[in-house]
Amino acid sequence: MPNIRRALILLPLLLPAGCALSIGNPVADASSLLIPVAGVTAEQLRDSYLAPRSDGRTHNAIDIMAPRGTRVLAATDGTILKLHQGTVGGNSLYLLDRNGRTLYYYAHLDRYVDNLVEGQTVSRGEIIAYVGDTGNAGTGNYHLHFSVSHLADAHRWWEGVSTNPYPLLTRGARFPGRLGAR
Ligand SMILES: [Zn+2]
């Protein structure tokens, strides 16, 4: 029985206090999700997650308005999974949360921060890009298109299930100006 005894001794070391709260919850640390545009407060955010888009699609993201060149930040600790340039998202990037299961998509970027590469580890709050109007944002419509998805398989990042970033970014925020304004 020596192996079992050893396992029982190690158990408390493998299960730190509070870890049970995170089991089964892929965004357990979402309360620490940072608004990914410098200087923007929770009160300034607008929930356009369900806004209609062309061809019957829904937005499935929020648009964070800011002047061109405003610093775009890593919303959480993670890895730059992919840098992508396309006609829709323009200059865009995918940030994979260090939990390996939550993916953040940033689009319409003016440009990436110098020397940003795929596979790079970034820390929450680190500057990774700048706000722009690339792709189909519309000329001069400077904003960050930001979406969050959960991955069943970290290696199949394009199959994520979308979730609304708005409550994740405004959790715990107080809106004194909106009290009674519903
Ligand atoms: Zn958008």
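## Asp-153, out on a loop

Let's start with Asp-153, which sits in the loop between strand E8 (143–150) and strand E9 (161–163). Keep in mind that this is a predicted model. Is Asp-153 buried or exposed? It counts as exposed, because it has 10 C-beta neighbours inside 10 Å, and the cut-off for exposed is 12 or fewer.

Now look for Gly-100. Along the sequence, Asp-153 and Gly-100 are 53 residues apart, yet their C-alpha atoms are 8.7 Å apart in space.

## Pro-36, a buried loop residue

Pro-36 is in a loop too, the one between helix H1 (2–14) and strand E1 (62–65). Pro-36 counts as buried, though, because 25 C-beta neighbours lie inside 10 Å, and a residue needs 20 or more for that label.

Which residues does Pro-36 contact, if you skip its neighbours within four places in sequence? They are Val-72, Leu-73, Ala-75, Tyr-106, Leu-144 and Phe-146.

## The nonpolar core

The largest nonpolar core has 34 residues. Val-37, Val-72, Tyr-104, Tyr-106 and Leu-144 have the most contacts inside it. At least two core residues come from each of E1, strand E2 (71–73), strand E4 (90–97), strand E5 (102–112), strand E7 (127–131), E8 and helix H2 (165–170). E5 gives the largest share, with six residues.

Leaving out residues up to four places away in sequence, Leu-144 touches Pro-36, Val-37, Ile-64, Ala-66, Val-72, Tyr-106, His-108 and Val-131.

Why is E7 described as largely enclosed by the rest of the structure? It's because four of its five residues are buried.

E7 pairs with E2 through three bridges, and these two strands run antiparallel. One of the residues to look for here is Arg-71, whose bridge partner in E7 is Tyr-130. E5 and E7 pair as well, again antiparallel and over three bridges.

## The whole chain

Time to zoom out. The protein chain has two helices and nine strands, and reading along the sequence gives you the pattern α-β-β-β-β-β-β-β-β-β-α.

The protein chain has 182 residues, and 29% of them count as buried. What about contacts between residues at least 6 apart in sequence? Of these, 62% join residues at least 24 apart.

Notes
Residues numbered from 1 in each chain as written. Predicted model: local features only at pLDDT ≥ 70, side-chain atom pairs only at ≥ 80, totals over all residues. Contact = placed C-beta atoms within 7 Å. Core = buried A, V, L, I, M, F, W, Y, C linked by C-beta atoms within 7 Å. Pairing = 2+ DSSP bridges.
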